[in-house]
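Open the model in your viewer and keep the selection tool at hand. This tour tells you what to pick next and what is there.

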Amino acid sequence: MNGPGTADVARRAPGPEPGPAGAGFRTCPTTGLKVYRDADNLIKAHAVVATVALLIGGVAALGVLLTRWQAVHLLDAVWFYRILTVHGMNMLIFFIIFFEMAVLYFAAGPLLNCRIAAPKVGWGAFGLMAVGMGLVEWAMWTGRADVLFTSYVPLRAHPNYYLGIILFAVGALVTVGVFFATLVVARRERTYEGSVPLVTFGALTAAIIAVITLLHGAAIYIPTWLWSMGLMNVDPEVYRLVWWGLGHSSQQINVAAMVSIWYLLGALTVGAVVLNEKISRTAFVLYVLFISMASAHWPVSLRSKRKP
Amino acid sequence: MTVTTGMSSPRGVWWKPAHRSEKIWFAVAFAWCMVLFAMMPLWHLRGGQNPTGIRARVEPADFRDRTNEFIASYQVDEIDGMPVVEPPPGSDVYLMAMMWQWRPILRLQRGAEYTLHLSSVDVNHGFNLYPFNVNFQVVPGYDYGLQITPTEAGDFRIVCNEFCGIGHHLMVGRVIVVDGGDS
């Protein structure tokens, strides 16, 4: 097959190649999708920052690898733990969540032929996320947050480390809100007929899990931020329990978003059709309903042990 | 309804019977889910995986006092400045985690039962008895009391398996298990 043309991509393809000047959108030459300028820029900005985070996390991974490889043993203990913290935060938080935000804008905008609901709010949220990431990177690289990804209390980092994560989480939460609002706008303005595409549906499940994740993040990092400034106490056991509401489910946003992207890539590369919408959508719904419950194995398995 | 890719909106009613192959796939996945689901409680209750320890709050300073009293009562030796303590069978044993040591060195008798109290006086630590697969969280503010019976004689190491700062990898403790008659 040459090109990504499929029955239904082709159905959209005819139409003006570039969008009319000043109309605020262009037509994607590959997919035929109508891409509004705000959506275009927001998707690119989030995806680019995500890729930068991936690069930083990847370089850190090399540092970890070349240190654990005893023959090389690149870094001393201080830089090993520092780079391990950098690796965790960039890969598991900044890379995946920034990229997921790009996916959300794509799924609600171009896939539904819709404009972004509140682009200025979207940019504000992007700014919060970027500033948050900047603060965390600063704290980590300057040795003010050698606490690893989990940062278990009472191991203490600089207050700006926690503040950065809070800003990032708030920004992401607002972005998810813009995504939901865009779905409403698309519905109201009838930019599509029938049900939302499967990829959008999957992205919606990722967005729901993202809300759960980010609320857990806020619930634990706000008290921890105050604790780091000596303003309140945080119980180490409570921290562990609530923190994993973020730690686990941040990876679960990723799973839902990733499966959506598989469907997208299937469509784009080989024109794969959905075998059965009912099965695929039911699976997404079951994932949202039950994955948090599956994560609850954690408090049980935590103290796993076998008698000697 | 025509076939659609994941990128396009399905129109009309898409709630249609699944193909046989998808039904089989769904059934296999569901069955496997149930197996995993059953394993969680089974592993907990039947697998001997999670002992029910005594868990109580304790002020780190109090735990330090108890450990020091325990050391003063039963100390028998010293290795590199670290007290070696041999408590009588059946007694309460205190092991204090701190950056970056396990205090004291324990000498226990094989086959005897002890109540091992674990706690930390600074940050979180992890108790990992090497080379066995025995792991416990050691959390400041909580006394984790465990009924233990050493089943093998030898000189074992306790490795910290929770990141606790820059000396984490140097935090190695010792448990020496001797045969009952030797001591």
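In what order do the seven strands of the open sheet in chain B lie? They run β2-β3-β6-β12-β11-β8-β9, with mixed pairing. Keep in mind that this is a predicted model.

**The sheet edges.** Select β2 (75-79) and β9 of chain B. These are the edge strands, and each pairs on one side only. On average, neighbouring strands of this sheet are turned by 25° against each other, direction ignored.

**A hairpin.** Now pick residues 125-130 and 134-138 of chain B. They are strands β8 and β9, antiparallel and joined by five bridges. Three residues sit between β8(B) and β9(B), and the two strands form a hairpin. Click B:Asn128: its bridge partner in β9(B) is B:Asn135.

**A parallel pair.** Move to β6 (residues 105-109) and β12 (residues 172-178) of chain B. These strands run parallel, with four bridges between them. Find B:Arg107, whose bridge partner in β12(B) is B:Ile176.

**A helix across the sheet.** Select residues 60-74 of chain B. This is helix α2, lying across β2 and β3 (82-85) of chain B. The helix runs at about 65° to β3(B).

**Over to chain A.** Show helix α2 (residues 37-68) and helix α3 (residues 77-108) of chain A. Their axes come within 7 Å and cross at roughly 155°. Angles over 145 degrees count as roughly antiparallel, so α2(A) and α3(A) are roughly antiparallel to each other. The crossing of α2(A) and α3(A) is left-handed. Colour the contact of α2(A) with α3(A) by residue type: 25 of its residues are nonpolar, six are polar and none is charged.

Key: Residues are numbered from 1 along each chain as its sequence is written. Chains are lettered from A and ligands numbered from 1 in the order in which they are written. This is a predicted model: local features need pLDDT of at least 70, side-chain atom pairs count only at pLDDT 80 or more; totals for chains, interfaces and linings use all residues. Axes are lines fitted to C-alpha atoms, for helices over the stretch in contact, and angles run from 0 to 180 degrees between N-to-C directions. Angles under 35 degrees count as roughly parallel, over 145 as roughly antiparallel, 65 to 115 as roughly perpendicular and the rest as oblique. A crossing is left-handed if the near helix is turned anticlockwise from the far one by less than a right angle, and right-handed if clockwise. Ala, Val, Leu, Ile, Met, Phe, Trp, Tyr, Cys and Pro count as nonpolar, Asp, Glu, Lys and Arg as charged, and the others, Gly among them, as polar. Two strands pair if DSSP finds at least two bridges between them. Two residues are in contact if their C-beta atoms, placed from the backbone, lie within 7 Å.
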